[in-house]
Amino acid sequence: MARSGLAGAVRVARWADAALGPGNDVTGDGKATLSDKSAERAATDLGLSSAQVRAEWDTARLAGLVEVHGDSARPGWRLRAWDRDDSAVLRGWVALFDAWSLACPEPEDHEPAAVAEVVSAMPQVLSFLQLSAGPVPVEQLLDLLQQRVSELRTERCEISYAPGAEGSAGPAEQLRPAEPAPAGDTPLAPLLDWAVRALASVGALTHGDGQATLTPLGSWAVWVKLEQICVAAQSPAGNIEQSAEDMLRGCAQLRPNAARAEYRAWLAARPVGSAVGELVHAARGEDALLRGLAFEALRVVGAPAEPDVRAVVDEAALRPYALLWLAEHDGIDAEDAHEVLTREEATWLWVDTAAAVADHGETDMLVRHLEAAVQPTVPLLLDEVRAVGHPRTVQVLVALAAAHPDPALAKAVRRAAFQVHTGG
């Protein structure tokens, strides 16, 4: 259903990917609206009317199929992954579903505040439709909408600042919460009609004969939203409100399954794009442990993180982690993913992991970490560790020398640390 509903938008987005680019007149008003010239060209190429092209272009933007930057357009990651990744399709449709209030022009003769109240109240209306699992009379939805709007006004504890008759009241009286206006005094029926039409236009529901029904796709989307709320509410370690860095530190002592549950809860509470950006930023820090944990969290994100992960492949500190993530994302078994790394990249990762162990682990863990090296002998490992130039090489070697029980090996490691330190 999602593929079918977005087929026209995908067609226009692919046309834009092939026909438009830097230097082409894509937007005419600086607001990401397709210019007349581009719309006419697309209409001719695709056999559509200009109005149809504009409508599909708007849908493609809302679904994240195209991204507009200034006067140029580029394909979004969802368009790139469209044919091979069902989750990209579903995420694109959910993005359109989330933007339902932008899919249809709002009524012009209503106060923006009333429109905002209806938009804020619609999740509860949609939840009621989902739980009803069948047609619901629009009149019943209107009663629910009026109740929810009244609750929103009460929660805001609206203050009356009206001058005139109340001007003589004392300061305390002026600041007293105003009685919420009865929801029936607000013309909500036209706004509910607008909301129903807008949600129908994105494929979330159908309406007719005074009733509304969620489509299977709409019911699924509402269920996903409810599930996300439940997951976020069950954050096992209570890090849901923390920054990415603090959340990862909080997960450092958790077992893998518990940490993944925490990642899911943290991710469910914020937009995917900003969450991925925070995790990548945390990975760029000096703490090697957070770097590894950040990429574990990005594994929980899955496909939406792919563009950001690919973007850091050329950063030396993140390259091994990014290559392993991409290999696993492409279906390579986690135990075999290390084969995508060069010897130098694997050595860099070994040093980075050793730095995390030295900072946060126990000494015997650092000794056991020797077994994870790709080099068959310690002398060869030391030679290649010195060559990769990791900024934590000296500290790692000093810590390993102090921890290792073999005096001869510890002496060789200390000598290597001294040579790195002196540049020898």
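Tutor: What follows looks at one helix pair and then at the aromatic pairs. This is a predicted model, in which local features need pLDDT of at least 70 and side-chain atom pairs count only at pLDDT 80 or more, while totals for chains, interfaces and linings use all residues. Residues are numbered from 1 along each chain as its sequence is written, and side-chain values use heavy atoms, with hydrogens and water left out.

The secondary structure of the protein comes to 23 helices and five strands (DSSP runs numbered from the N terminus, with helices being H or I of at least four residues and strands E of at least two).

Two packed helices are described by the angle between their axes and the distance between the axes. Helix α13 (residues 244-251) and helix α14 (residues 256-268) have axes that come within 10 Å and cross at roughly 160°, where axes are lines fitted to C-alpha atoms, for helices over the stretch in contact, and angles run from 0 to 180 degrees between N-to-C directions. The helices α13 and α14 are therefore roughly antiparallel to each other (angles under 35 degrees count as roughly parallel, over 145 as roughly antiparallel, 65 to 115 as roughly perpendicular and the rest as oblique). On the side of α13, the contact (heavy atoms within 4.5 Å) is made by Ala244, Met247, Leu248 and Cys251, and on the side of α14 by Ala259, Glu262, Tyr263 and Trp266. By class, this contact of α13 with α14 has seven nonpolar, no polar and one charged residues (Ala, Val, Leu, Ile, Met, Phe, Trp, Tyr, Cys and Pro count as nonpolar, Asp, Glu, Lys and Arg as charged, and the others, Gly among them, as polar).

Turning to the rings, the count comes to three aromatic pairs (rings of Phe, Tyr and Trp, the last by its six-membered ring, pair if their centres lie within 6.5 Å; planes under 30 degrees apart count as stacked, over 60 as edge-to-face and the rest as tilted). In one of them, the rings of Trp100 and Trp194 have centres 5.4 Å apart and planes at 45°, so the pair is tilted. This pair links distant parts of the chain, with Trp100 in helix α7 (residues 100-103) and Trp194 in helix α11 (residues 188-201), 94 residues apart. Both Trp100 and Trp194 are buried (buried means under 20% relative accessible area, exposed over 50%, partly exposed in between, with a 1.4 Å probe and protein chains only).
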